[in-house]
Amino acid sequence: MAWRSRTSRLCSRALGSLVAGVLASTAASHAETRISPLASPTHPMDGLTADEIRAGVDVLRGAGKFGDAGRIVFMTLDENAKDEVRAWRPGQAFKRRAVATLLNDGRLYEARLDLNARSLVRWDEIGDRKPALIIEELMSAGELPKLDPRWIAAMAKRGITDFKNVLCLPLTVGPVVDPALKGHRLLNVPCVDTTGAGNNLWGKPIENLIALVDLSARQVVSVTDLGVVPPPANTPSHAYADSGKYRAVPRPIEISSPQGTNVTVEGGQVRWDNWSFHVRLEPRVGAVLSLIRYDDRGTQRDIAYQLSASEMFVPYMDPMQTWQFRAYMDIGEYGFGVLSSELRPREDCPGSAHFLDLTISGNKGAPIVSRGAVCIFERPTGDPIWRHAEMINSTVETRPNTELVVRMAPVVGNYDYLVDYVFDRAGNIDVKLGAYGIDATKGVTSRNMSDPTAAQDTAYGTLVDERLLAVNHDHYMTFRIDMDVDGTGNRLVEDRFGVRRLTGEGSRKSLWQVETRPVATEGPVTTPLNAAQFRIESAGKTNKLGYRTSYQLMPGHSDTSLLAKDDPIQLRAGFSGYTLWASAYDKEEKYAAGLYPNQNADVDGLPKWVAAKRPIEDRDLVMWYTVGFRHVPRAEDWPVMPGLWHGFRLRPFNFFDRNPALDVPPVVEAKGAK
């Protein structure tokens, strides 16, 4: 996993990488963080500004709730009620509230703040729950093993007595089931040898050795040493200078807007083609898109109230004691927004893109600006959005497709993710997750598959280099999809495909029909996704043909967890057992594994909420879709992985009266072109 710190007082601008919760580089670059003056919020869904963060911290200090020893984990917008936000119009006043989670003397607290009144509305201690990790803990935990005599002795067995090139990587421990350890704030700490590593920190793991660290007591609880494994000889670089440079440098191919952009970005409000929506950035989930609407020939129609990431579960498939705990909640344990890396013009995004900054509260309360955390751009797809060539009368009509992309790039240690929200001119919304970066690696004894130990070494992964294994693992990224199709009154329907036997005249014996039924109560959708299609219908709006207007959820990657239901890591990630869930709307229910998944051994989040079996037919409801995929590594993933994309689509289904892209203009040839 990864952590990117931009704190001006703690470590100025520290860049680190965590592998599955690990701080991979304490050799951070230090540069004073510049905080530019930020305007006051102009929309009720705007993220907190620097001034609002300062005001919230002042309220906490004035109430005696935040002293020098306190640390802020997250401070985020406490959204206004949905009906207030939907009714708001530009120029009207709106309430501003914040919610903050804090650590004080090892205890977790939650504060509710009224930023307009500059007052503390609520202050609660949150029992024995553990919040996401903070940069101080990650920076310091990696140094604690180097002071422990048990760990020093284990390193000496490996011939390492000078630790200047030893980087220790704090990892979250997963659910804590041992009663003796409950109540402690823990990290597991393995280490890597960075000698000759260059830009690749993952090539020389110091295998079979791990320290369990108590963050509160700042001491090593235990050291596990399963025996010495000879390290790999080399760490290959993925820098261009070391690539071999075989292929010729191509002529530039660019996405450009020579006559100006078609995208309008004003604060967090985005307009493009017939689309409009609001985007803000949060430290936990990253980009949040709200109030997604489509201009249907002069009428602004609601499609979705909110769309965002919710949780990411990444379990590794190795039974060894030093690996089996590795089952990370990248969002709830670390934070996708905090992990977001700066997007680079002309490499991560076109040079003409709009770039948005993320303002968050540092752990000590000072506002921090993360530059270029989101980019917004349009691009031609090279495909037609529709076409028809008619041979009978020799006519051809075809229209080019273009898209609008909203992108962020959380760097979760060895993994780089791209999260895209893509809008096209036919009313479709694609949600895409791109997996990039470097495999998490494990030291083994085999050099190749002809070695006698190869079968044993590769039982849970793939050799990607001599003495280096990439371990099998899963990714389950759950998105929260709050649809408001033509208003808040909606229902989830299943269009099941029923086979009908034919007994009449002719040789045909069977066909299928669509049998539609609404889902009455919340819960997981147990109908196989290939046996039905799923739509969110309006409760009261119809198109001109009398069909309820709706949007279809078209599945993409939809693997579900194969782990045993009583496995502790699966219990806290119950959302990964099904691809699609539906729940009654509750603005407090945002995170699929619950508010505090770190070290949690209890069932929380989606499985807990939907146990109430609240009615959802013709009401305000939320869908949750898990983009699930299994990663069996391959040689081509090393030393850096080519990107692999996954996702799903939201598609209009009888939402419009006709093809909404019918009025897309044809391409106009430049004067004199041939």
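Thr462 stands opposite Ala470, which belongs to strand S25. Strands here are DSSP runs of E with at least two residues, and helices are runs of H or I with at least four, all numbered from the N terminus. Before going on, please keep in mind that this is a predicted model, in which local features need pLDDT of at least 70 and side-chain atom pairs count only at pLDDT 80 or more, while totals for chains, interfaces and linings use all residues. Residues are numbered from 1 along each chain as its sequence is written, and side-chain values use heavy atoms, with hydrogens and water left out.

Back to our strands. S24 and strand S25 (residues 468–471) run antiparallel and are joined by four bridges; two strands pair if DSSP finds at least two bridges between them. Together with S23 they make an open sheet of three strands, in the order S23-S25-S24, with antiparallel pairing. Strand S23 (441–443) and strand S24 (461–465) each have a single partner strand, so one side of each is left without a neighbour in the sheet. On average, neighbouring strands of this sheet are turned by 40 degrees against each other, direction ignored (axes are lines fitted to C-alpha atoms, for helices over the stretch in contact, and angles run from 0 to 180 degrees between N-to-C directions).

Now look at strand S15. Strand S14 (residues 286–296) is joined to S15 by eight bridges, and the two run antiparallel. Here Arg293 has Asp302 of S15 as its bridge partner. The hairpin of S14 and S15 has two residues between the strands, and in it Arg297 takes a positive phi near 55 degrees. S15 also has eight bridges to strand S26 (residues 473–483), again antiparallel, with Ser308 opposite Arg480 in S26. Three further antiparallel bridges join S15 to strand S16 (residues 327–329), where Met329 stands opposite Phe313.

How many residues of S15 are buried? The count is 15 of its 17, where buried means under 20% relative accessible area, exposed over 50% and partly exposed in between, using a 1.4 Å probe and protein chains only.

In soluble globular proteins, nonpolar side chains tend to be buried together. A nonpolar core is a set of buried Ala, Val, Leu, Ile, Met, Phe, Trp, Tyr and Cys residues joined through side-chain atoms within 4.5 Å. The largest one has 108 residues, and Phe336, Tyr421 and Phe479 are among those with the most contacts inside it. Strand S15 (residues 299–315) gives the largest share of this core, six residues. Another core, of 16 residues, lies apart from it and includes Ala327 and Trp624.

Finally, the aromatic rings. Rings of Phe, Tyr and Trp (its six-membered ring) pair if their centres lie within 6.5 Å; planes under 30 degrees apart count as stacked, over 60 as edge-to-face and the rest as tilted. By this rule there are 21 aromatic pairs. The rings of Tyr436 and Trp645 are edge-to-face, because their centres are 6.2 Å apart and their planes stand at 80 degrees. This pair links distant parts of the chain, 209 residues apart: Tyr436 is in strand S22 (residues 429–437) and Trp645 in strand S34 (residues 641–653). Tyr436 is partly exposed, at 27% relative accessible area, and Trp645 is partly exposed too, at 26%. For Trp609 and Trp624, the ring centres are 5.7 Å apart and the planes at 45 degrees, so this pair is tilted. Both Trp609 and Trp624 are buried.
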